[in-house]
Amino acid sequence: MSAQKNFRITFDDAVKYIQAYVDKFKLDTEDPSIMNSIGGTMKVDLIKKQLEQMQSERDQALTNRYVASNNQVTYQGLMCWMALVPQQGMIVEHIIAAIEVNDNVNLTVTDQDIDHQILARPFDVIMYDKDKHGNIKAWLEQQRPIVSQFRDRIDRGQPDSGLRKLVAEYKSRIASIEPSNATKPYGLFEDQLSQDVTDFFTQEVKYIRYYFGYDEDLNENKIRIILFGVDNHGNNLKPNVIDLEDYLTNSGSTLDGPSILQTSWPPPTTS
């Protein structure tokens, strides 16, 4: 039986969620807001290296795709943390996502913590500009050159201790803006029950670009993290599929082309 594809969405769904984020937090106004950063780009080398090492260690020790610890199931995958970066000179404070390759996530635990790993931070933070980003679909489809602002962070990453403070600040500030995300400032794309993360990296991915989306239909965890693979020219990769529902329900169907990941843990909880 093939692995269930839990985390893939269509390109049109990605557009819908990102537009909802812009509309929800009124980013088309001139008022500065910590929500004005809607995405970022990070190099893939550090993430792939850690993920491949973890998969190799797991495969050597286990025959099943799960790890039992204290009678609980722990998972591995990409843990995407939301963090609030303070103002630095002319750069206003803003939210970023940082990716951690984590091999010890217990999904039965409500309050997750950063593991002792190196985290990849974005070197290209995308601040919303209504003149540039007014048409979300066209913007996502256009070739976007990679603009490296913090090159030393691309390969080196950042120790978890530095990011933990920024995550705590995000939780504190977001509580009054979007309470549904105050307790779970993360999204986990696990790579055991589903192989979506493995499949994601079999694409010609040179960079990862994340965007913030918003799902009004949920009653918690409404702010969602959307992951795009990016080629060497800065183009967002997208699947050649129109009806994803058919792909998810038809075991004989295949997804043509690259994948976009969104439906992460904590899983969507509808009202």
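Predicted model: local features only at pLDDT ≥ 70, side-chain atom pairs only at ≥ 80, totals over all residues.
Local features here need pLDDT of at least 70, side-chain atom pairs count only at pLDDT 80 or more, and totals for chains, interfaces and linings use all residues. Residues are numbered from 1 along each chain as its sequence is written, and side-chain values use heavy atoms, with hydrogens and water left out.

**Rings**

- One of the aromatic pairs is Phe-7 with Phe-189, an edge-to-face pair at 5.8 Å centre to centre with 85° between the planes.
- That pair ties together distant parts of the chain, 182 residues apart: Phe-7 is in the segment before β1, and Phe-189 is in strand β9 (residues 186–190). Strands (E, at least two residues) and helices (H or I, at least four) are DSSP runs, numbered from the N terminus.
- Phe-7 and Phe-189 are both buried, where buried means under 20% relative accessible area, exposed means over 50%, and partly exposed is in between (1.4 Å probe, protein chains only).
- Ring pairs also link Tyr-21, Phe-25, Tyr-210, Phe-212 and Tyr-214 into a cluster.
- Charges get in on this too: the charged end of Lys-238 sits over the ring of Phe-11, 4.2 Å from its centre, and the charged end of Lys-16 sits over the ring of Tyr-17, 4.8 Å from its centre. For that, NZ of Lys or CZ of Arg has to be within 6 Å of the ring centre and within 35 degrees of the ring normal.

**Strand β10**

- β10 pairs antiparallel with strand β2 (residues 37–43) over 5 bridges; strands pair if DSSP finds at least two bridges between them. Lys-43 has Tyr-207 as its bridge partner in β10.
- β10 also runs antiparallel to strand β12 (residues 223–230), joined by 8 bridges, with Ile-208 standing opposite Gly-229 in β12.

**Nonpolar core**

- The largest nonpolar core has 70 residues, and Ile-208, Ile-223 and Leu-227 touch the most other members. Such a core is a set of buried Ala, Val, Leu, Ile, Met, Phe, Trp, Tyr and Cys residues joined through side-chain atoms within 4.5 Å.
- Strand β4 (residues 72–85) gives the most to this core, with 8 residues.
- Leaving out residues up to four places away in sequence, Leu-227 has contacts (heavy atoms within 4.5 Å) that include Leu-78, Ile-99, Phe-189, Ile-208 and Ile-260.

**Salt bridges**

- There are 9 salt bridges, each a side-chain nitrogen of Lys or Arg within 4 Å of a carboxyl oxygen of Asp or Glu.
- Asp-196 and Arg-8 form one, with the closest N and O atoms 3.4 Å apart. Asp-196 is in helix α7 (residues 196–201) and Arg-8 in strand β1 (residues 8–9), 188 residues apart.
- Arg-8 also bridges to Asp-199, with the closest N and O atoms 3.0 Å apart.
- Arg-8 is buried because its relative accessible area is 8%, while Asp-199 counts as partly exposed at 22%.
- Asp-45 and Lys-43 form another salt bridge, with the closest N and O atoms 3.7 Å apart. Asp-45 is partly exposed at 40%, and so is Lys-43 at 25%.
- Shared partners join Arg-8, Asp-196 and Asp-199 into one salt-bridge network.

Note on methods. Phe/Tyr/Trp six-rings, centres within 6.5 Å; stacked < 30°, edge-to-face > 60°.
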